[in-house]
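Colleague: I have a few questions about the ligands in this model. Could you walk me through them?

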Amino acid sequence: MKTPPGLQELIEDGIIDEVIRPLKSGKEAAVYLVASGAVIRCAKVYKDANKRGFHKLAEYQEGRKARGSRDARAMGKRSRHGRKEQEAAWKNAEVDALYRLDAAGVRVPKPYGFFNGVLLMEVITDEHGDPAPRLNDVQATPEQAREWQKFLMSQIVRMLCAGLIHGDLSEYNVLLDANGPVIIDLPQAVDAASNNNAFAMLQRDVDNITAYCGRYAPELLETEYAYEIWKLFQTRKLRPDSELTGLFVHDETEADVDGVLLQIEEARQEAERRQRGRDEAEAAHGAE
Ligand SMILES: Nc1ncnc2c1ncn2[C@@H]1O[C@H](COP(=O)(O)OP(=O)(O)O)[C@@H](O)[C@H]1O
Ligand SMILES: [Mg+2]
């Protein structure tokens, strides 16, 4: 086949030998099967920012560090330099996330580097050796759905323990190999500790998976994994192998606004009393 733009340089540099065939071309990236010697890999070529809904990036990039303050300012201002920097950050984020998650024991494709805007990674295959289907492409039994839900919640926990939230997790971004679900498509992974939208993103990821698995095992729709996971995370009790229940008791006292206002009023009166005491003591002192 004619070598697609973006991959020619990798051939010239000897990083890959040939492009075998396109695998999928989505909104944001085109994925190819490529050969490096005897091994076959996936090459993900990112489309340019204009076609990707650049304006939606802000939500994800909050808290992501740019290299220098000039870069950070430029990213904020969306100048031309900013756009370029932001695109670079976007592209690198997926590679960084794959390395980090692979090291943390999350089932993701093994990354083999990022060259000239192209991510090279392991091909996830089904039991016949063909590129694996997405969760969305298969019919599940209730038992499978329960198993996948449990497994994917544990993967979300592992990701969070490694500091990351996927941010676009759904049945479209999970592949099924012979050993179960593998998570893909992470250019928008967010830093859990510094992003103000972190909980909302975690909740959306959890809800997407739950809605999919809940189609086959409806009792899953009653679970509250997002709250359970977030509470453990915030109280520093979350561990990669934390056992989850899917249950969460919402704290009623949190909604006790009157109680809080009363406490504030009592504190204010107490402060006033103390101040009066100080004033009186000073007046007495002054009169001596
Ligand atoms: N490592 C991989 N192994 C097998 N198939 C892959 C791999 N990475 C991506 N794909 C295929 O390419 C499609 C698009 O990849 P993805 O990373 O989800 O990009 P996007 O959704 O942004 O276009 C996936 O749905 C999947 O079918
Ligand atoms: Mg995708």
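**Around the two ligands**

Modeller: Keep in mind that this is a predicted model. Of the 18 residues around ligand 1, those that come nearest are Lys44, Glu122, Ile124, Asn173 and Asp185.

Colleague: Which residue has a side-chain N or O atom 2.7 Å from an oxygen atom of ligand 1?

Modeller: Go through the contacts one by one. A polar backbone atom of Ile124 is 2.9 Å from a nitrogen atom of ligand 1. The side chain of Asn173 has an N or O atom 3.1 Å from an oxygen atom of ligand 1. The side chain with an N or O atom at 2.7 Å from a ligand oxygen belongs to Lys44.

Colleague: How much of ligand 1 does the protein bury?

Modeller: Start with the ligand taken alone. It exposes 550 Å². Of that area, the protein buries 92%.

Colleague: How many residues of the shell around ligand 1 are charged?

Modeller: Sort the shell by residue type. Ten residues are nonpolar and two are polar. The charged ones number six.

Colleague: Which residues coordinate the magnesium ion, ligand 2?

Modeller: Look for donor atoms at 2.1 to 2.2 Å. One is OD1 and the other is OD. They belong to Asn173 and Asp185.

Colleague: How many residues apart are Asn173 and Asp185?

Modeller: Place each one in the chain. Asn173 sits in the loop between β6 and β7. Asp185 sits in the loop between β8 and β9. The pair links distant parts of the chain, and the separation in residues is twelve.

Definitions and conventions: Residues numbered from 1 in each chain as written. Chains lettered and ligands numbered in written order. Predicted model: local features only at pLDDT ≥ 70, side-chain atom pairs only at ≥ 80, totals over all residues. Heavy atoms only, no water. Donors = N, O, S within 2.8 Å, 3.2 Å for Na, K, Ca; no water. Helix = DSSP H or I, 4+ residues; strand = E, 2+ residues; numbered from the N terminus. Near = heavy atom within 4 Å. Polar contact = N/O pair within 3.5 Å; in protein donor to acceptor, adjacent residues only side chain to side chain. Areas by Shrake-Rupley, 256 points an atom, 1.4 Å probe, with all protein chains shown as cover. Nonpolar A, V, L, I, M, F, W, Y, C, P; charged D, E, K, R; others polar.
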